[in-house]
Amino acid sequence: MTPLQAIYWLWDAWAVSWFIAALWRAPATARPPLSTRLWRDGLTLFGAALVAVWGSPFSAPGESLDGRLHASLWQAPPAAAWGLVALTFCAFAFCWWARLHLGPLWSGVAGRTAHHRVIDTGPYRLVRHPIYTGILTALLAMALLKGTAAALVGMAIASLGFVLKCRLEEGFLRSELGAESYDSYRRRTPMLVPFAPTSG
């Protein structure tokens with residue numbers, strides 16, 4: 001098994017387990033309108049597809065569908081490549097830490113549930129959106145391992161999509177959970193990158 005194949009297996013395992021765990025959640029009593037979420041989600045998925053879909057993980061090193069978009073700009077040394085596999089595992093473990101910490105308060109789309117409140121413990125003490133942080137980190141590991149222009153462009157697009165999703169969801173949570181408590185949380189906790197400066 002190559003490092004890229006291992007990363008794809010980790011993605012598959014996470015996706016299946018995440019889908020099954022989606023059954024464990026409280027029903028949402030309010031969500032942002034679908035019309036405000038659709039294009040942001042589309043941007044995120046398009047970026048992720050550029051990273052993950054183009055280029056087979058089972059092809060030989062250097063094979064590509066298009067010389068400029070899919071040819072590798074670099075080849076990671078074996079130790080670095082397997083280090084990116086380990087980073088992917090840690091990224092999904094971070095996602096699961098956040099998911100288990102939220103318990104039934106988790107929702108696939110930002111929403112308010114009964115007894116909802118601002119969560120600022122566990123991974124939510126490090127970043128406001130730890131699940132998105134984990135997914136972006138796993139995408140970054142794949143993009144760096146592939147080392148293609150398509151993967152790097154896709155990573156940039158997916159990052160933009162997640163930032164826009166975060167801003168939409170935070171506006172909704174701020175209105176639903178209380179501006180004072182959410183603004184206090186936002187002032188002391190970075191959005192996606194642990195230990196990054198906050199917006200203040």
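A: Start with how helix 5 and helix 6 pack in this predicted model. Axes are lines fitted to C-alpha atoms, for helices over the stretch in contact, and angles run from 0 to 180 degrees between N-to-C directions. Here the angle is about 170 degrees, and the axes are 9 Å apart. Helices are DSSP runs of H or I with at least four residues, strands are E runs of at least two, and both are numbered from the N terminus.

Q: Which word describes how helix 5 and helix 6 lie to each other?

A: Angles under 35 degrees count as roughly parallel, over 145 as roughly antiparallel, 65 to 115 as roughly perpendicular and the rest as oblique. Helix 5 and helix 6 are therefore roughly antiparallel. Contact means heavy atoms within 4.5 Å. Ala, Val, Leu, Ile, Met, Phe, Trp, Tyr, Cys and Pro count as nonpolar, Asp, Glu, Lys and Arg as charged, and the others, Gly among them, as polar.

Q: At what angle do the axes of helix 6 and helix 7 cross?

A: Roughly 135 degrees, with the axes coming within 6 Å. That makes helix 6 oblique to helix 7. On the helix 6 side the contact is made by Glu-170, Leu-173, Arg-174 and Leu-177; on the helix 7 side, by Ala-179, Ser-181, Tyr-182, Asp-183 and Arg-186. The classes are four nonpolar, one polar and four charged residues.

Q: What ground rules apply to these values?

A: Residues are numbered from 1 along each chain as its sequence is written, and side-chain values use heavy atoms, with hydrogens and water left out. The model is predicted: local features need pLDDT of at least 70, side-chain atom pairs count only at pLDDT 80 or more, and totals for chains, interfaces and linings use all residues.

Q: Is Met-142 buried or exposed?

A: Buried means under 20% relative accessible area, exposed over 50%, partly exposed in between (1.4 Å probe, protein chains only). Met-142 has 1% relative accessibility, so Met-142 counts as buried. Met-142 lies in helix 5. Leaving out residues up to four places away in sequence, Met-142 touches Leu-4, Ile-7, Tyr-8, Trp-11, Val-51 and Ala-52. Among the buried residues of helix 1 are Leu-4, Ile-7, Tyr-8 and Trp-11.

Q: How do I check the length of a helix?

A: The expected span is 1.5 Å times one less than the number of residues. Helix 4 (residues 78-102) has 25 residues and should span 36 Å; its end C-alpha atoms are 37 Å apart, which agrees. Helix 1 has 19 residues and reaches 27 Å, close to the 27 Å expected.

Q: What covers the buried residues of helix 4?

A: The cover includes helix 1 and helix 5. The buried residues of helix 4 include Leu-84, Thr-88, Phe-92, Cys-95 and Arg-99.

Q: Where should I look for positive phi?

A: Most residues other than glycine have a negative phi. Phe-195 has a positive phi, near 70 degrees. Phe-195 is found in the segment after helix 7. At 76% relative accessibility, Phe-195 counts as exposed. Gly-103, which follows helix 4, also has a positive phi, near 60 degrees.

Q: What is the pattern along the sequence?

A: The pattern is α-β-α-α-α-β-α-α-α. The protein has seven helices and two strands. Of its 200 residues, 42% are buried.
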